[in-house]
Amino acid sequence: MCGIVGLHLKNPALQPELGRLFVPMIEAMTSRGPDSAGLALYDDTGMHVVKDVGLPRDICAAHDIASRSGYQAVGHTRMATESAITPEHAHPFTPAPGLALVHNGSFSNHASVRRNLAFDGITCTTDNDSEVAARFIGREIARGADLEDAMRMVLKEFDGFFTLLVTTATQFAVLRDSFACKPAVIAETTDYVAMASEYHALAELPGITDARIVEPEPERVYAWSR
Amino acid sequence: MVALNAGITQELKIDLATSSIRELNAELHAPTARRYEVHNPRGAEAIAVGLRDEIDVEIHGPAGYYCAGMNMHADIVVHGNVGTGVAENMMSGSVRVRGDASQSAGATAHGGLLVIEGSASMRCGISMKGVDIVVGGNVGPMSAFMAQAGRLVVCGDAGEGLGDSIYEARLYVRGSVASLGSDCVEKQMRDEHVAELTELLAAAGMDHDVSQFRRFGSARRLYHFAAHNSAAY
């Protein structure tokens, strides 16, 4: 089990509030992933990544995330199942400038994909399965695919269970495996798109009671651009 | 907790902004009132689970995972959406969701009535064992997977793989079916099916022309042992 959250602001007036809106979202996912947590914040100067072991509350406090501004954020709370609990094994995985991936689930053929990536000169820095997916998407984008196409390639190349949230400097995209085993809910208003593993991570967002709430269907990429 | 009607305690109002889920469920497991209002659920998990008494519980707002799970006898209404596994393993009583439901609504439930006025997501009625489920909108892919007994009524459309590996549950769908799962087939609507569908729609408070529904059930090719396959076992 792990927790995923993401917030993509459409209304620029909310940008000074990004951190304040985002911290309760990631804290709400503590029970899904108490081992480590990480986040990527996007503002006009680029993508800023924080990853550490411990509880989201402590990590957010240590880095004063609540006071941060920006236009987009993704976060992850990890309950480690297949590799060590270290800051390096925490999500998001950020294999290229502006690219961040958070994953709930497990890939069963990550060793094979890792080997194929190595033939292309792409090496992973950890033995984590999710890093392989991040580097795979990074390679597809580097070859010219847009984010949505790169994520569809994940369906072809990877076996396993996944809900993925992947962001670039301009895009915010969600994909679930063909059985949609891992939970996901998306809320959209005129002000933002928010995604989380469970609804209660979204419950404190402004205007949530009037948001359009969607559970992503299996094998369909949901993407937003700015 | 605030007694709305102090002294008689026929009604209790519980605010989850100030009370915990454990406090709420402890009260509901040994009820001191006949009727409860729950406020500020904010998508919390395991609201009103394991109830065993004939009480009314109204939840005002969205509920999270496993709301009203294992219900016996109680009548529970959620004025909002619900998360995964609403009314899972319900035995009796009723659960009504005025919004939409997430995955696995009514999973493994043995009895009672689950009404979802909006739509239900994937795996609605998975392994249902006798519950009646009426969905006002659509159901997602893989609904009624391995459904063993009970009735599922879908007033909208059904997603891919409806009724895969179904046993003896009966499925009624008013709209389109994206595809049928293994061993699930369309069956004739006989008089007794029209009668039970009419009854279920009335119980759910839904007004539709029963002639618009189609019935689906098991072809019974999958779960019967076939002697000519004995070498394969």
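Me: How many helices and strands does the secondary structure of chain A come to?
Reply: This is a predicted model. Both element types occur in chain A. The tally is 5 helices and 12 strands.

Me: Why is chain A as compact as a globular protein of its length?
Reply: Chain A has 226 residues, and the globule rule gives 17 Å for that number. The radius of gyration is close to that value, so chain A is as compact as a globular protein of that length. The radius of gyration is 16 Å.

Me: What does the C-alpha trace of chain A span along its principal axes?
Reply: The spans follow the principal axes of chain A. They are about 45 × 35 × 30 Å.

Me: What percentage of the residues of chain A count as buried?
Reply: A residue is buried if 20 or more other C-beta atoms lie within 10 Å of its own. Of the 226 residues of chain A, the buried share is 49%.

Me: What share of the contacts in chain A with a separation of 6 or more comes from residues 24 or more positions apart?
Reply: Take the contacts in chain A with a separation of 6 or more. Residues 24 or more positions apart account for 68%.

Me: How many residues of chain B are in contact with chain A?
Reply: Chain A brings 9 residues to this contact. On the side of chain B, 5 are nonpolar, 7 polar and 1 charged. The number for chain B is 13.

Me: How far apart are the C-alpha centres of the two domains of chain B?
Reply: Domain 1 of chain B covers 1–90 and domain 2 covers 103–223. Their contact takes 8 residues from domain 1 and 11 residues from domain 2. The centres lie apart by 27 Å.

Conventions: Residues numbered from 1 in each chain as written. Chains lettered and ligands numbered in written order. Predicted model: local features only at pLDDT ≥ 70, side-chain atom pairs only at ≥ 80, totals over all residues. Helix = DSSP H or I, 4+ residues; strand = E, 2+ residues; numbered from the N terminus. Rg over C-alpha atoms; globule rule 2.2 N^0.38 Å. Buried ≥ 20, exposed ≤ 12 C-beta atoms within 10 Å, placed from the backbone. Contact = placed C-beta atoms within 7 Å. Nonpolar A, V, L, I, M, F, W, Y, C, P; charged D, E, K, R; others polar. Domains from an automatic or database assignment.
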